[in-house]
Amino acid sequence: MMDWTDRHCRKFHREITRHTWLYTEMVTTGALVYGDVERHLRFNEEEHPVALQLGGSDPADLATSAKLGQQWGYDEINLNCGCPSERVQKGAFGACLMAEPQLVADCVKAMRDAVTIDVTVKHRIGIDRNEEYGFVRDFVGTIADAGCTTFIVHARNAILKGLSPKENREIPPLKYEVAYQLKREFPDLEIIINGGIKSSDEIALHLEHVDGVMLGREAYHNPYVMAEYDARFYGDAAPVKTREEVLAAMIPYIQAQLDLHAARGLKLNSITRHMLGLMAGLGGARSFRQVMSDPKRLAAADPHLLLEAAAGMRRAG
Ligand SMILES: Cc1cc2nc3c(=O)[nH]c(=O)nc-3n(C[C@H](O)[C@H](O)[C@H](O)COP(=O)(O)O)c2cc1C
């Protein structure tokens, strides 16, 4: 998720769950072909399994970018066909690509020819007012013919004109049944469902119909929901870290990042901002957030702020 799931956020999430796949923010092919590759692709070894999401619509640029992704060690390349923002539409990629399944198939083929890791596609169930199931079925079918076997289905339409990206995540109705129908129609494909899913019980219900579930906002705002995934969905009963252990594990990481990158402008807040939801739902969560986002404490750039925030929370809670 743009501006959210950067490498610091992913490192933090990995302290909560060992097995859940993590996805980068969308990185455009322009940023990789003409920009600072290291800035966009650098990640922490511990983040695996981690997928690089690309935005673009030129098969050659996507092939170059996918190859870079593989060279940098990503485990999967995902193509964004779901983002409705005006900026992305101007670049003629994101959700508007759903109107051009053959082009997406060409893009997927070019990427698959360039890498040995999986190439997957994230998309909506339709664009604008087109509610016909046949539209998404043909989209998936055409791209599957180009060799893509995994589809992440954000189960609502994207409205390309008139709705902001935020509204496009809230207003078009969710239709999980469409993703289920895709799975029934293409049983050999891996269908991952996304959109509005929060609890582990909801995830378990979806898994009766599809192969996987992707969470966006809930994982960000309430990351400790992921703590039970390893045991419940990946069969790994190893003990999970408590919230305080997660904080303690982040301290040396934050210190090392500050030592390495403070001169280039990395601020404590660039990392801690992703952690504000760790205590969501607990008494004292507000006090935790307050200490964690206190400008004076942040300016001191001391990662022990994390423990101070947790201790303050115990007092408040
Ligand atoms: C701040 C923000 C940024 C997002 N950026 C991306 C992105 O870069 N690529 C993408 O495929 N989806 C992006 N999304 C959409 C989410 O991945 C997800 O599809 C959507 O929020 C619905 O799932 P949810 O209800 O679990 O959040 C973004 C969502 C948010 C809130």
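The buried residues of helix H1 pack against strands E1 and E2 and against helices H12 and H13 (268-272). Helices and strands are DSSP runs numbered from the N terminus, with at least four residues (H or I) for a helix and at least two (E) for a strand. A residue is buried if 20 or more other C-beta atoms lie within 10 Å of its own, exposed if 12 or fewer do, and partly exposed in between, the C-beta atoms being placed from the backbone. Two residues are in contact if their C-beta atoms, placed from the backbone, lie within 7 Å.

The structure is a predicted model, in which local features need pLDDT of at least 70 and side-chain atom pairs count only at pLDDT 80 or more, while totals for chains, interfaces and linings use all residues. Residues are numbered from 1 along each chain as its sequence is written.

Helix H1 covers residues 7-16, and because nine of its ten residues are buried, H1 is largely enclosed by the rest of the structure. Among the buried residues of H1 are His 8, Cys 9, Phe 12 and Ile 16, and also the residues Arg 10, Lys 11 and Glu 15.

Helix H12, one of the partners of H1, comprises 19 residues (243-261). The expected span of a helix is 1.5 Å times one less than its number of residues. The buried residues of H12 are Val 246, Leu 247, Met 250, Ile 254 and Gln 257.

In total, the protein chain has 16 helices and seven strands. Its radius of gyration is 20 Å, close to the 20 Å that the globule rule gives for 317 residues, so the chain is as compact as a globular protein of that length. The radius is taken over C-alpha atoms, and the rule is 2.2 Å times the number of residues to the power 0.38. Buried residues make up 38% of the 317 residues. Of the contacts with a separation of 6 or more, 69% join residues 24 or more positions apart.

The ligand has 20 residues around it, of which Met 1, Met 2, Met 26, Gly 216 and Arg 217 come nearest; a residue is near a molecule if its C-beta atom, placed from the backbone, lies within 6 Å of it. Strand E1 (22-28) and helix H10 (217-221) each supply at least two residues of this shell.

A cis peptide bond, with omega of about -5°, joins His 48 and Pro 49, and Pro 49 lies in the loop between helix H3 (37-41) and strand E2 (50-55).

| Residue | Phi | Other C-beta atoms within 10 Å |
|---|---|---|
| Ala 92 | about 55° | 13 |
| Asp 128 | near 50° | 17 |

Ala 92 is found in the loop between H5 and H6, whereas Asp 128 is in the loop between strand E4 (118-123) and helix H7 (133-145).
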